[in-house]
Amino acid sequence: MKIDNSLPLEYSTEENSLKILGFWIFLGAEIMLFATLFATYFTLENRTGSGPTGAEIFQITPVLFETLLLLTSSFTVGLGIHAMRIGNKKAMISFFSITLLLGLAFLGVEVFEFVTYVHEGATLQTSAFTAALLTTLGTHGAHVTLGFFWGLFIILQVKKRGLTPQTTNKAFIFSLYWHFLDVVWIFIFSFIYLKGMM
Amino acid sequence: MNQLFPMKQVLGFVFSLLLTTVALAVYFLDMSFAAGMTILLVTAFIQAGLQLVVFMHAGETKDKGAIYTNVFYGLIIALVTVFGTLLAMIWDM
């Protein structure tokens, strides 16, 4: 294994660089996945049948909380990677833990939001609009849930094994995933919620 | 303590909060659909680019070319999917 010390630890071997590139290719496919969901949503957003419309069920407060939580968590995971690069394991674990707590809070608000929708009569089966809406939001939420457990295991492994070319590589790839989820949320925030409430 | 909060990332975060505030104008202010959509499109894409460059370190290594090519490829497919669907299903062209 050839270690190049001029690069950050997570890039230090050829295999590490390839894993990061490979993950970017996966994210390219994820962009397309969410594009199909957005295309479906834009097609069906006015097909509300006898169910509620977006303007009737969207509320700005939970959406603002979700946006701030996810934006901040994207910032803290970035700080975690920075701490990792300067070799500060303790700070890295703290920043990653804050990130996951913010992610958990985001999921809490989203579950609350979904429960509210169901109480207002907007379930997955109500109309084409609610089906497309809940599928899009749910796919993003499922990604965040997966990311939460992924991040948890990364923290445990860094705690146990320290900052090695392997663990830093995994942590960096996790950070890419987490930032990507924030990017998707920005589009949900802008083109589902704000557009719907405009 | 300061070295844990690099200027670039702090500024990136402040700027992303700013973009969110600008996007919120479409909710709080009264404006036409076209004006609102323009604001949202501009803020959302700047915000996405910011994440990519500042937080995801997209342009940092020798794989820069491959990473950007791949992201733009994904983006083009995404835009063709979304606008192609809108053309056929909504705008009736």
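Predicted model: local features only at pLDDT ≥ 70, side-chain atom pairs only at ≥ 80, totals over all residues.
**Figure 1. A:Arg47 in the loop between H1 and helix H2 (54–57) of chain A.** Leaving out residues up to four places away in sequence, A:Arg47 touches A:Ser127, A:Ala128 and A:Phe129. A:Ile57 is 10 residues from A:Arg47 in sequence, and the two C-alpha atoms are 15 Å apart in space.

**Figure 2. Chain A as a set of helices.** Chain A holds six helices and zero strands, and the order of its elements from the N terminus is α-α-α-α-α-α. The C-alpha trace of chain A spans about 65 × 30 × 25 Å along its principal axes. Chain A has 198 residues, of which 44% count as buried. Among the contacts in chain A with a separation of 6 or more, 79% join residues 24 or more positions apart.

**Figure 3. Packing of H3(A) against H6(A).** The axes of H3(A) and H6(A) are 9 Å apart and meet at an angle of about 160°. Angles over 145 degrees count as roughly antiparallel, and H3(A) and H6(A) are therefore roughly antiparallel to each other. Their crossing is left-handed. On the H3(A) side, the residues that make the contact include A:Ile60, A:Val63, A:Thr67, A:Leu70 and A:Met84. On the H6(A) side they include A:Thr168, A:Phe172, A:Trp178, A:Trp185 and A:Met197. Glycines also take part, among them A:Gly78 and A:Gly80 of H3(A).

**Figure 4. Packing of H3(A) against H4(A).** H3(A) and H4(A) pack with their axes 8 Å apart, at an angle of about 165°. H3(A) is therefore roughly antiparallel to H4(A). The crossing of H3(A) and H4(A) is left-handed.

**Figure 5. The largest nonpolar core.** This core has 71 residues, and A:Phe38, A:Val184 and A:Ile188 have the most contacts inside it. Two or more residues come from each of H1 (14–44), H3 (60–85), H4 (89–119), H5 (128–161) and H6 (165–197) of chain A. In chain B, helices H1 (7–28), H2 (33–55) and H3 (64–90) each give two or more residues to the core as well. H6(A) supplies the largest share, 19 residues. Domain 1 (1–56) and domain 2 (61–93) of chain B both give residues to the core, so it lies between them. Not counting residues up to four places away in sequence, A:Val184 touches A:Phe34 and A:His140.

**Figure 6. A:Ile192 in helix H6 of chain A.** A:Ile192 counts as buried because it has 21 C-beta neighbours inside 10 Å. Apart from residues up to four places away in sequence, A:Ile192 touches A:Tyr41, A:Leu133 and A:Thr136. A:Phe38 lies 154 residues from A:Ile192 along the chain, yet their C-alpha atoms are separated by 8.7 Å.

**Figure 7. Contacts between chain A and chain B.** The two chains meet through 38 residues of chain A and 39 residues of chain B. On the side of chain A that touches chain B, the elements giving two or more residues are H1, H3 and H6 of chain A. H1(A) gives the most to that side, with 13 residues. Chain B is divided into domain 1 (1–56) and domain 2 (61–93), and the centres of these domains, taken over C-alpha atoms, are 21 Å apart.

**Figure 8. A:Ile31 in helix H1 of chain A.** A:Ile31 counts as buried because it has 23 C-beta neighbours inside 10 Å. Leaving aside neighbours within four places in sequence, A:Ile31 is in contact with B:Gly74, B:Leu75 and B:Ala78. Within chain A, A:Ile31 and A:Val183 are 152 residues apart in sequence, and 9.7 Å separates their C-alpha atoms in space.

Definitions and conventions
Residues numbered from 1 in each chain as written. Chains lettered and ligands numbered in written order. Core = buried A, V, L, I, M, F, W, Y, C linked by C-beta atoms within 7 Å. Buried ≥ 20, exposed ≤ 12 C-beta atoms within 10 Å, placed from the backbone. Helix = DSSP H or I, 4+ residues; strand = E, 2+ residues; numbered from the N terminus. Domains from an automatic or database assignment. Contact = placed C-beta atoms within 7 Å. Axes fitted to C-alpha atoms, helices over the stretch in contact; angles between N-to-C directions. Parallel < 35°, antiparallel > 145°, perpendicular 65-115°, else oblique. Left-handed = near helix turned anticlockwise from the far one by under 90°.
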